[in-house]
Protein chains: 2
Amino acid sequence: MGESRIITIALVGAGSVATHLGLALKNAGYKVEYVLNRGAERGTVLAEKLEARYVTGFDQLVKPDLMIIAVSDDAIPVMARQLGLCTFPVVHTSGTIAKEVLSVTGPDYGVFYPLQSFSPDKEVDFLKVPICIDASNTALIQRLEDVARSLSQTVCLIDDSKRKILHLAAVFACNFSNYLYGIAHDLLAENDIPFELLLPLIQETAMKVQVRSAFDAQTGPAKRGDVSTIRQHLDMIQNDPKLLKIYKTFTDNILKTYSHQFSTSDIHPEEE
Amino acid sequence: MGESRIITIALVGAGSVATHLGLALKNAGYKVEYVLNRGAERGTVLAEKLEARYVTGFDQLVKPDLMIIAVSDDAIPVMARQLGLCTFPVVHTSGTIAKEVLSVTGPDYGVFYPLQSFSPDKEVDFLKVPICIDASNTALIQRLEDVARSLSQTVCLIDDSKRKILHLAAVFACNFSNYLYGIAHDLLAENDIPFELLLPLIQETAMKVQVRSAFDAQTGPAKRGDVSTIRQHLDMIQNDPKLLKIYKTFTDNILKTYSHQFSTSDIHPEEE
C-alpha cells in the first residue's frame, strides 16, 4: 500500500517554492489536485497555473498520494498541527525544520527540500536544482526519491542534521557572499563607478568553484601575501569600521590559510 | 603622429593575462609582433600561438605601435626601468599599480586593465570582459579606447584612484566570496555532504545581482530576523572561533541593514 507510485499531490502554500515546485511537478506529469493557501489571490493564481482546485482548509481535500507543505518555516508546525492525523504522507520543503515536526500527521512524513533560491518572477531549470529528501521510513524515502528523480538530475538523501549543515553552509556561501556584493556595490556607487564592471568577475568566481576547489581558486592580495596592496586597502577603508573588520577578518584568515607569516595587525597595529 | 591607429603590438609577459589578451588582440586583427618574456618555455609557446617573435630583451624590438606590459604587479616597475625612455606608448594591465610608474618610458603611457580572473586552462569570452583604460593624455586615451572597443562590449575610462577602488571592491566581492565558498566546502566535507549540492545556489546568487540590487537580493535568516535559526547556527559552530567571528560579523551587519532590533550578542552573550 505504502509502495504505490505517487501521482496526485496536494500543495500547501502559494509562494515561490510552491509555485516553482508545483510547475515542475505538473511538467513532469504529476497531478497537483489542490492548492491550499490562506491568501485567496495567490492561491487561485497558482491553482489556475497548475489546473488544480483552490481550497482554504484541509477539510476540503480528498486524500492525495502526497501532501507537500511549502510554506515559511514558522508556519510549518502550525500547518502540521492543523492538519493533524491523516492517512497520506506529508512532507515539507524547508532546509532547517526537522522532519519530526510532521510526526503529528501520522507515520509517513518526510522532507522534500529543493536547494535553490527561487524568485517569483524568474524561471528555474528544475533539472539543475538539487533535491534533498528524507522520510520517516524507507518505503516513503523510495517513493520520494522517484518523484525527485523525475524532477531533478541531483537527488540526495540528507537527514535532519546534515540538512542543517547544508543550510548553514548555504548561509556562508550565498547569503554572506550576497552581502559582500552589496559592500562592493556601495563602494563603487560612492565613487561613481558602475557596478556592472564587476559582474563578469563575480560570475566567474562563482563558476570557478565548479571546476576547482575554493582553495585552488583563491586569488587576490591576501593569497599572494602582497603587503603593499593590503596596506593600501587598509588605508582606503581606515575610517569605516564595518569594512575594516570584514577586510581584516578575511585577509587574516586567507594569509593564514596560505602560510604567510604576518597579519593585518602587523600592518595597521593601531586597530583592534 | 600620436593619433594613428594602433596595429602592431609588443607584449611583455606570457602568463594568463598576456595569453588571453594576446589571443583576443590577434583575433581582433591586431598584429602581436613580439612576445618578450624571461622564461623561454612559456614565451615561445605564447609567441607561437600569436605568430609573434619571441624575444628576451627590449633591444631586440623594432618600435611597435603599443607595448603592453602584462606581468605581475611587482615586476611592472622593474620592466619600466629596464625599458627606459622609448618612442612608443606603453601600458600595463594591473588593477593596482599607478599609471605614473610607466612615466619613465616617456610621455605616452597608460593602463589597459581587463577586469577578469583569467585561468591558464580556461577559455574566456573577451567580449564580456570589461576593460578599464587610462592614459597620460587624451590622444592616447582615444587610441586605447579604440583597441579596447574592438575587444570588449564594456570599456570604461577609470583613473588610478577609481581603479584602486574597483580593485578593492573586487577583493570584497570575489576574493572574500571565494573564501566563503571554501568555508562551505569544508563544513560539508567534514560531514560527508557533497559540495556539488551547493553549486547551483552559489551560481544563482551570483547571477541574481545582475538583475536586482544586492540589497533586494539578500535572503537568509539574518535578513528575516529569524532568531531561532540564527541561534541554531551559533550552537552548531560554537567551538569554531573562526566561523563564529565571520558568522556574527555578517549576521549583525545584515540584521542592522534590515532594521532588526537585536544582534548575535543578545543570542550568544558569552562571546566577544
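The axes of helix α6 (residues 199-211) of chain A and α6(B) come within 9 Å and cross at roughly 175° in this predicted model. Here axes are lines fitted to C-alpha atoms, for helices over the stretch in contact, and angles run from 0 to 180 degrees between N-to-C directions. Helices (H or I, at least four residues) and strands (E, at least two) are DSSP runs, numbered from the N terminus. The crossing makes α6(A) roughly antiparallel to α6(B). Angles over 145 degrees count as roughly antiparallel, under 35 as roughly parallel, 65 to 115 as roughly perpendicular and the rest as oblique. A:L199, A:I202, A:Q203, A:A206, A:M207, A:V209 and A:Q210 lie on the α6(A) side. They meet B:L199, B:I202, B:Q203, B:A206, B:M207, B:V209 and B:Q210 in α6(B). Two residues are in contact if their C-beta atoms, placed from the backbone, lie within 7 Å. The residues of this contact divide into 10 nonpolar, 4 polar and no charged. Ala, Val, Leu, Ile, Met, Phe, Trp, Tyr, Cys and Pro count as nonpolar, Asp, Glu, Lys and Arg as charged, and the others, Gly among them, as polar.

Residues are numbered from 1 along each chain as its sequence is written, while chains are lettered from A and ligands numbered from 1 in the order in which they are written. Because the model is predicted, local features need pLDDT of at least 70 and side-chain atom pairs count only at pLDDT 80 or more, whereas totals for chains, interfaces and linings use all residues.

The axes of α5 (residues 160-190) of chain A and α9 (residues 227-236) of chain B come within 11 Å and cross at roughly 100°. α5(A) and α9(B) are therefore roughly perpendicular to each other. A:K164, A:L168 and A:V171 in α5(A) meet B:Q232, B:H233 and B:M236 in α9(B). By class, this contact has 3 nonpolar, 2 polar and 1 charged residues.

The whole contact takes 69 residues from chain B and 69 residues from chain A. On chain B, the elements giving two or more residues to the side that touches chain A are α5 (160-190), α6 (199-211), α7 (214-217), α8 (221-224), α9 and α10 (241-257). The largest share of that side, 24 residues, comes from α5(B). By class, the side of chain B that touches chain A has 41 nonpolar, 22 polar and 6 charged residues.

Chain B also holds an open sheet of 8 strands. Its order is β3-β2-β1-β4-β5-β6-β7-β8, with mixed pairing. Two strands pair if DSSP finds at least two bridges between them. The edge strands are β3 (53-55) and β8 (155-157) of chain B, and each pairs on one side only. The twist averages 25° from one strand to the next. α5(B) packs on the sheet and touches β6 and β7 (131-135) of chain B. The direction of α5(B) makes about 155° with that of β7(B).

Strand β6 (residues 109-114) of chain B pairs with β5 (residues 90-92) of chain B in the parallel sense over 3 bridges. B:H92 stands opposite B:V111, and the bridge partner of B:V91 is B:G110. With β7(B), β6(B) pairs in the antiparallel sense over 5 bridges. B:F112 stands opposite B:I133 in β7(B). 6 of the 6 residues of β6(B) are buried, so this strand is largely enclosed by the rest of the structure. A residue is buried if 20 or more other C-beta atoms lie within 10 Å of its own, exposed if 12 or fewer, and partly exposed in between, with C-beta atoms placed from the backbone. B:Y109, B:V111 and B:Y113 point one way from β6(B), and B:G110, B:F112 and B:P114 point the other way.

The largest nonpolar core has 169 residues. Such a core is a set of buried Ala, Val, Leu, Ile, Met, Phe, Trp, Tyr and Cys residues joined through C-beta atoms within 7 Å. A:I68 and B:I68 have the most contacts inside it. Leaving aside its neighbours within four places in sequence, B:I68 is in contact with B:I9, B:L11, B:V12, B:L21, B:V91, B:T93 and B:F112.

Two loop residues of chain A complete the description. Most residues other than glycine have a negative phi. A:D192 has a positive phi of about 55° although it is not a glycine. A:D192 is found in the loop between α5 and α6 of chain A, and is exposed, with 8 other C-beta atoms within 10 Å.
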